[in-house]
Amino acid sequence: MNPARGRVGARSRWLWGLIVGCSLGPLSAQTAQPAEWILRQPPAHHTLQLITLSGREQTRRFLASLDQEGLDMQQVATFRYRRGEELLYVVVYGSFAAPEQAKAATQLMQGPTLMPDSFLVRSVAGLQQRIRTTLQDTP
């Protein structure tokens with residue numbers, strides 16, 4: 001069996017679980033940081049945007065899977081923002097002094113839930129501005 005093909009299949013099943021709302025096991029006891037964590041970071045820093053989701057429950061399941069993979073949840077934060085009529089939930093990781101440091105951190109992040117090639121390096125200042133436009137809630 002092709003190991004790479006098996007991994008892609010597992011990722012597809014996980015993503016399909018998010019889309020149709022299948023149970024992925026117990027929710028995480030460890031929670032992500034709230035939007036206020038991002039607001040406390042230096043505006044000149046950068047972070048990794050891991051994913052954007054359209055629902056609170058999808059976000060909870062994604063956070064639980066990150067915790068199960070052993071990601072440091074103290075470095076994970078969530079916020080939401082409104083795009084048109086749609087409310088979106090964003091999950092970010094870390095606060096890095098330079099965009100190169102954020103990009104380098106992707107090399108250490110491996111697992112079926114984590115897809116480093118799809119992570120986006122974002123400026124903290126830009127996220128702080130976006131957070132201030134939408135009333136925040138925890139996922």
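Is E57 buried, partly exposed or exposed, and what is its relative accessibility? E57 has a relative accessibility of 36%, so it counts as partly exposed. Here buried means under 20% relative accessible area and exposed over 50%, with partly exposed in between, for a 1.4 Å probe and protein chains only. I shall return to E57 after an overview of the chain.

Please note that this is a predicted model, in which local features need pLDDT of at least 70 and side-chain atom pairs count only at pLDDT 80 or more, while totals for chains, interfaces and linings use all residues. Residues are numbered from 1 along each chain as its sequence is written, and side-chain values use heavy atoms, with hydrogens and water left out.

Let me begin with confidence. The term pLDDT denotes the predictor's confidence in each residue, on a scale from 0 to 100. For this chain the mean pLDDT is 79, and 76% of the residues reach 70 or more. Confidence is lowest in helix 1 (residues 3-20), with a mean of 39, and highest in strand 4, at 96. Residues 1-29 have a pLDDT below 50, and beyond near neighbours in sequence this stretch has 34 contacts in the model. A contact means heavy atoms within 4.5 Å. Where pLDDT is low, the predicted coordinates should not be read in detail.

Next, the overall architecture. The chain contains five helices and four strands, arranged along the sequence in the pattern α-α-β-α-β-β-α-β-α. Helices (H or I, at least four residues) and strands (E, at least two) are DSSP runs, numbered from the N terminus. Of the 139 residues, 42% count as buried. Among contacts with a separation of 6 or more, 78% are between residues 24 or more positions apart.

Four strands form an open sheet in the order 2-3-1-4, with antiparallel pairing. Strand 2 and strand 4 (120-123) are at the edges with a single partner strand each, so one side of each has no neighbour in the sheet. From one strand to the next, the twist averages 40°. Two strands pair if DSSP finds at least two bridges between them.

Which strand pairs with strand 2 over eight bridges? The partner is strand 3 (residues 86-96), in the antiparallel sense. Within this pair, V76 is opposite Y93 of strand 3. The hairpin has two residues between its strands, and G84 adopts a positive phi near 65° there. Although strand 2 stands at an edge, six of the eight residues in strand 2 (residues 76-83) are buried, so the strand is largely enclosed by the rest of the structure.

Q49 faces L120 of strand 4. Helix 5 (residues 124-131) lies across strand 1, strand 2, strand 3 and strand 4, at about 75° to strand 4. For such angles, axes are lines fitted to C-alpha atoms, for helices over the stretch in contact, and the values run from 0 to 180 degrees between N-to-C directions.

Finally, let us return to E57 and the salt bridges. A salt bridge is a side-chain nitrogen of Lys or Arg within 4 Å of a carboxyl oxygen of Asp or Glu. By this rule there are three salt bridges.

E57 forms one of them with R60, with the closest N and O atoms 3.4 Å apart. Both residues lie in helix 3 (residues 56-68), three residues apart, which is about one turn of the helix. R60 is partly exposed, at 30% relative accessibility. E57 also forms a salt bridge with R61, where the closest N and O atoms are 3.8 Å apart. E57 and R61 are four residues apart in helix 3, so about one helical turn separates them. R61 is buried, with a relative accessible area of 11%.

E86 is partly exposed, with a relative accessible area of 34%.

Helix 3 also contains Q58, which is buried at 17% relative accessibility. A polar atom of the Q58 side chain lies 3.3 Å from the backbone nitrogen of S54.

Methods:
Polar contact = N/O pair within 3.5 Å; in protein donor to acceptor, adjacent residues only side chain to side chain.
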